[in-house]
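Please look over the model first.

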Amino acid sequence: MLAGDRLVTQAVRRNGPWTALLVATAVGGAAAELALPYVAGRTVDAFVAADPAAVRWLTGCAAIVACVMLCESLGVWAAGASGACAAARLRLGVLRHVLGAGPAVTRRFPEGEIVTRAGLNTEEVGRAPESVTGALALLVPTVGALVALTLIAPVLTLTLFVGIVLILLVLKTFLRSTTTIAGGYQEAQGELAAGLVEALDGARTIAAAGTAAREARRVLRPLPRLRRHGLLLWRANATAGVRAGLVVPLVEVAVLAVGGFMLAAGDLTVGELYAAARYAVLGAALSGALGFVGGLARARSAAGRVAEVLAVPRPRHGTRALPPGTGTVEFRDVTGAELRVPELVVPGGSVTAVVGRSGSGKSLLAAFAARLADPDSGTVLLDGVPLPELTRDELRRAVGYAFERPVLVGDTIADVIALGRAAPGDAELDAVTRAARADGFVERLPRGYATPTADAPLSGGERQRLGLARAFAQGERLLVLDDATSSLDTVTEREVGRALTTANGGRTRLVVAHRLATAAGADQVIWLEDGAVRGRGPHRELWRDPAYRAVFQGERP
């Protein structure tokens, strides 16, 4: 929770002029309310004594009431603007962190959970400035009431002080319990969102299997827990409200009783007794902080969830550039998750296929080579330079990556291919789309490369070919293809494989392969099994091993 509290503090401190405006309106309104009983009391005394100054005191009352109304109106507007700005700032920071951390975040949190934390939870944290300033502003009338009662009659101050202590105890208990309950509520929200995103991602499969009802029950499984925590929040708020609310009339009755005896003894005037009663109410109005304390509790629990996302480390980049080289990749004592690679060299300019059964570590090896993930220990080098020592721009200029299910980011087809680099010329676009065998369907699009992505209905194979074209346009020394041809038909895959195994600009190619033809066309094969390198060499030599053949035949020797 410490990280969450720091996030709440930052939301308050870094909210620019909005926090200052919230403080000004809250304190201004509280000060005006504090002054009102005194002025009203003097007005009453003036009218009782038929003092000519009574009209002036009445005018002062009206001015103070107008000031209170103005401060409250400005406060409502400032609270809305403050919450929106604080939430937007935090949401942008979370988005940048998630995109910067990359797969490390998605491996730890489901996609729906990330959306919930970056959306609903940041919005709740954004309300922290309003909650904090509102709660602190209530201290102004409380302290002022204590001082005013002391000036009127010190004995009345003790009565109010006891009531304030009771209210503070109620608020402390409420903050602690509500923070815990709100955390459970928000956790259930995240699970609902995660389940829904998973179901939407597999909507076609669910429809084909006829399991919509079962999936709906799975997605809604956290709903009873969400309802239970919602009821607990309501009960905690109601219980605290009743407890704190009882203190207010008790304090007021006690002050009036003591003040009544003093009035009868001639120690107080009618106006002073009225002012004392009003100050008692103002001092006990700290009970009105329940709403602000509840908002702060929800902000704290939400901030803790957001802080967990921000705690996922982003990869650090160095300051070095690559020396001249051919794209040689070296693995030195690399371990990560279930993968262990003591020593492995991928020669520069070669085509290396990575094969193995599902779960053997193929994708993790590819991710380490492209630095989409960092190993727990050991070093991956490109042309003799450890990848973490390269600048971000140098790394991404040197390495291109194509995925099994590429996401096409960009307004047009040309933007999709050129993602992350300066816009290539038409000749280069033609070259990479031909190499990926994407030129045929791109030419059939209404505006070719200028066709908006949203207006280009693409099959899975066409999306993969655009992903391949994007990788070909980016990696100057190393291309990493993680099952990037799985959706292609046999003929197209053979053509793309031929393009990969030809010169291709002299770049090193590391290909996660599931098909025999890809492995057979590579210069060397790295055979993984149970997270370790079981074999390495040309495909024709490894083929002599029945266990290697079983990787492609789908049977154990």
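Strands β9 (residues 524-529) and β10 (residues 532-537) run antiparallel and are joined by five bridges. Strands are DSSP runs of E with at least two residues, helices are runs of H or I with at least four, and both are numbered from the N terminus. Two strands pair if DSSP finds at least two bridges between them. V525 stands opposite G537 in β10. The two strands form a hairpin with two residues between them. D530 sits in that turn, with a positive phi of about 55°.

## Basis of the model

The model is predicted: local features need pLDDT of at least 70, side-chain atom pairs need 80 or more, and totals for chains, interfaces and linings use all residues. Residues are numbered from 1 along each chain as its sequence is written, and side-chain values use heavy atoms, without hydrogens and water.

## The second largest pocket

The second largest pocket holds about 520 Å³ of space. It has 21 lining residues, and A26, E72, G134, A137 and F292 are the closest to its centre. A pocket here is an open set of points on a 1 Å grid over the protein atoms alone, where a 1.4 Å probe fits, with protein on both sides within 12 Å along at least five of seven lines; lining residues have an atom within 4 Å of a point. Points are joined across faces, edges and corners, and the volume is the space filled by probe spheres set on them.

Helices α2 (17-48), α3 (54-101) and α6 (128-137) each supply at least two lining residues. α2 gives the most, with six. By class, the lining has 12 nonpolar, six polar and three charged residues. Ala, Val, Leu, Ile, Met, Phe, Trp, Tyr, Cys and Pro count as nonpolar, Asp, Glu, Lys and Arg as charged, and the others, Gly among them, as polar.

## T133 in α6

T133 lies in helix α6. T133 counts as buried because its relative accessibility is 9%; the cut-off is under 20%, with exposed over 50% and partly exposed in between (1.4 Å probe, protein chains only).

The T133 side chain reaches the backbone oxygen of P129 at 2.6 Å. Leaving aside neighbours within four places in sequence, T133 is in contact (heavy atoms within 4.5 Å) with T19, L22, V23 and A26.

## Helix α14

Helix α14 (residues 362-370) is mostly covered, with seven of its nine residues buried. Among the buried residues are K362, L365 and F368. R371 follows α14 and has a positive phi, near 55°.

Key
A polar contact is a pair of N or O atoms within 3.5 Å; within protein, one must be able to donate a hydrogen and the other to accept it, and residues adjacent in sequence count only if both atoms are side-chain atoms.
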